[in-house]
Amino acid sequence: MQKDYDGVVVAAPVSLPYAQFSDRTAQGWAGAALRALVRGSGIAHTDMDGLSIASFGLAPDSGISLTQHFGMSVRHLDTVPLGGAAAIVSLRRAARAVQAGDADVVACIGADTNRPDSFRQSLANFSRFAQDAVYPMGAGGANASFALLTRHYMERFGATRQDFGRICLAQRDNALKNPHALMKTPLTMTDYLEARPVADPVHLYDCVMPCAGAEAFLVMREETAKAQGLRFARLAAAIEGHNQFPDDPVQIRGGWAAHVDSLYAMAGCAPADIDVLQTYDDYPVIVMMQFEDLGFCAKGEGPDFVRAHDLRIGGDFPHNTSGGQLSVGQAGAAGGHLGLVEALRQATGQAGPTQVAGVRRAMALGFGMINYDRGLASGAVILEAC
Amino acid sequence: MSDLLPPAARSGPALTLIPAAAHGRFDLQRCGGCGSFLYPMRDACPVCLSDDLDLQTAPPGGTLLSETMIRITADPFFRSRPALRQGLVRADCGVTMIAILHRDCSPGGRVRLALMLDRGGQPVVHARPETAAAMAEDPHLRDLTMTPMGRCVLIDDPHHPLTRPLIGALRAAGASEVLSGLPDTRDHAAVAARVDIVIATGDPAPLIKAFGPAMAARDDAGVAGWVLVQGPGAPDDAGTAQRAQMALQGLRVMTAVPGAAPPDSMAEALVGAMSEGLRELRLAPNARR
């Protein structure tokens with residue numbers, strides 16, 4: 001029986017404006033996020049005793065290098081190489097540390113830079129299995145891997161490109177209220193359907209734009225947040241799961257599906273009690289799987305769900321309210337932090353132009369690491385407004 | 001030297017698939033502890049954790065679970081080629097493989113899997129329709145084989161007993177041009193610019209000198225490489241050093257040992273092996289058509 005996260009809160013949401021290309025290093029973006037955490041919390045970085053970092057571009061550094069680089073002396077240190085699941089996993093580990101008193105204030109940062117060649121370099125040697133058994137067969141990268149999943153899902157469950165388009169259009173609409181989103185023009189269904197194919201059936205607007213940027217938040221005990229006068233959200237529940245369902249011939253569900261009951265039991269609520277949802281949107285097919293796997297509809301009912309709901313900020317099922325990665329951009333390993341930080345803003349009433357009214361519970365999801373033929377990593381959290 | 005080679009990086013275990021691919025065998029790791037076939041190549045069995053993981057020939061059949069057409073790629077080699085059809089295959093032996101799909105594969109249909117060597121001599125997975133008679137020309141298969149179809153082939157010695165049957169077999173396989181004998185020195189450059197395959201029945205050194213650099217400098221899918229026909233007593237590793245050198249230049253080397261096979265059988269077998277992407281062909285003494 002999983003222990004709850006009583007007493008653990010999340011505060012100080014930080015999202016730095018993204019840039020399509022940047023000369024700044026990943027360390028530079030992480031440092032900028034840390035500066036913003038200090039400004040946003042009033043807590044000096046030398047008073048933070050935990051650091052959790054997720055980045056694809058730090059090599060040859062890791063978290064330990066950053067402690068000296070940034071002048072932090074820590075009791076909790078975490079380098080999380082889990083791509084889009086890193087934010088959730090960082091939070092989960094930091095939560096146990098502060099709950100047990102192993103640390104008091106943990107800075108969780110996702111940061112990456114982007115140069116014209118960095119994407120190709122990261123594709124070519126992403127994992128040993130990808131290097132040996134995927135990349136040589138056409139060098140399609142993640143786009144081809146998810147195209148295989150998308151086509152299979154469409155054939156199995158009757159999803160159409162229009163169904164995926166609905167997700168993308170709603171997110172773009174949300175993004176227009178986010179001044180930091182890299183995509184700044186409305187998207188029509190015609191634009192979406194007629195966009196250039198990348199790896200059939202994945203087309204241009206099914207793909208995120210890789211960019212440079214950083215996201216961050218602080219994890220601490222409730223009394224620390226109150227003493228600092230910070231707005232905070234309670235960590236009501238958190239799960240993670242990796243390489244779950246290895247016998248599914250093709251991925252149709254993420255690891256969350258294995259422990260979703262624990263998630264809601266811990267939070268003491270049901271799917272209907274989630275007021276705003278931030279899915280991990282590397283591709284719309286994975287968004288649809290998340291609607292199913294987290295209990296908002298049954299497996300295979302994703303298409304019907306999307307047809308029946310309005311996913312915009314003012315709609316009946318607000319989803320990816322800052323625009324998600326598909327409209328804001330993916331800053332490397334910070335892609336999963338984007339949704340978590342937006343969920344934190346929603347739950348603390350700090351979302352400004354993208355704020356959904358009356359949020360009591362916000363859910364954020366993480367996913368990623370296509371080691372071979374499926375996304376192995378996953379995580380989910382529920383944040384509660386106070 | 002052509003820089004345009006497919007992604008070359010492979011782990012040590014993956015490189016052990018090269019001999020199987022060179023000989024046209026569909027070999028995979030099989031766990032000595034529990035009997036499971038494994039793919040991709042591993043260092044421990046995910047079922048029982050055994051490290052007794054030798055290669056064994058596996059049944060090559062499979063079913064296509066999904067596919068895509070890769071139209072945009074960051075890799076310079078694949079960008080220079082037509083869009084690639086990639087498939088997700090559930091192999092009958094129980095593993096899942098990502099394969100380059102022949103254009104004739106039907107969606108969701110049955111395929112025959114093969115390990116092949118790419119232009120750089122590295123192992124890749126290919127899938128063709130399970131019940132394929134004559135397969136249509138496929139752009140990506142041209143990069144994986146020395147198929148004579150649509151190619152210009154030069155045979156060094158017009159008087160060698162293999163030459164006449166070879167010319168017939170090559171033409172039947174769709175070669176666009178078959179030359180025999182070395183051209184006049186003044187025509188060397190012109191011939192070198194268009195010769196795709198050189199079949200050497202004798203010492204290949206003068207041919208390599210005459211045609212090697214021009215062939216190696218070409219990036220197009222037409223240029224294929226060298227077929228070195230060895231004498232009957234050739235050792236097992238004949239051609240290895242030449243193969244290694246040429247592989248670095250994107251040129252394939254195939255070695256063929258006819259043994260005592262009659263020229264007609266040898267020619268047929270040789271052209272068949274070239275079309276299949278084999279790198280080594282060794283005929284038994286009593287081989288028949």
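A:Lys299 is partly exposed at 32% relative accessibility, where buried means under 20% relative accessible area, exposed over 50% and partly exposed in between, with a 1.4 Å probe and protein chains only. Its salt-bridge partner is A:Asp293, with the closest N and O atoms 2.9 Å apart. By salt bridge I mean a side-chain nitrogen of Lys or Arg within 4 Å of a carboxyl oxygen of Asp or Glu. A:Asp293 is buried, at 6% relative accessible area.

Some housekeeping. This is a predicted model, in which local features need pLDDT of at least 70 and side-chain atom pairs count only at pLDDT 80 or more, while totals for chains, interfaces and linings use all residues. Residues are numbered from 1 along each chain as its sequence is written, chains are lettered from A and ligands numbered from 1 in the order in which they are written, and side-chain values use heavy atoms, with hydrogens and water left out.

Back to charges. Over all chains, the rule counts 31 salt bridges. A:Asp163 pairs with A:Arg307 at 2.7 Å between the closest N and O atoms. That pair joins helix H7 (residues 161-175) of chain A to helix H12 (residues 302-308) of chain A, 144 residues apart; helices (H or I, at least four residues) and strands (E, at least two) are DSSP runs numbered from the N terminus. A:Asp163 is buried at 0%, whereas A:Arg307 is partly exposed at 42%. There is also a salt-bridge network, which links A:Asp49, A:Arg75, A:Asp104, A:Arg221 and A:Glu223.

Now the interface. How many salt bridges cross between chain B and chain A? The rule finds two. In one, A:Arg128 meets B:Asp43 at 2.6 Å, N to O. A:Asp200 also forms a salt bridge with B:Arg71, the closest N and O atoms being 2.7 Å apart. Here A:Asp200 sits in the loop between strand S5 (197-199) and strand S6 (202-203) of chain A, and B:Arg71 in the loop between S4 and H3 of chain B. A:Asp200 counts as buried at 15%, and B:Arg71 as partly exposed at 41%.

The contact (heavy atoms within 4.5 Å) takes 36 residues from chain B and 27 from chain A. About 2900 Å² is buried between the chains, with carbon and sulfur atoms giving 61%; buried area is the accessible area (1.4 Å probe) that two parts lose on being put together, summed over both. On the chain B side, B:Pro40, B:Ile72 and B:Ile98 lose the most area to chain A, together 19% of what that side buries.

The largest nonpolar core has 134 residues, and A:Phe291, A:Leu294, A:Met363, A:Ile382 and B:Leu113 touch the most other members. Such a core is a set of buried Ala, Val, Leu, Ile, Met, Phe, Trp, Tyr and Cys residues joined through side-chain atoms within 4.5 Å. Helix H6 (residues 141-157) of chain A supplies the largest share, eight residues. A second, separate core holds 33 residues, including A:Ala36 and A:Met48.

Last, chain B on its own. It has nine helices and 14 strands, and 54% of its 289 residues are buried. In helix H5 (residues 163-172) of chain B, the buried residues include B:Leu166, B:Ile167 and B:Leu170. Among the elements covering the buried residues of H5(B) are strand S9 (152-155) and helix H9 (263-276) of chain B. Just after H5(B), B:Gly174 takes a positive phi of about 90°.
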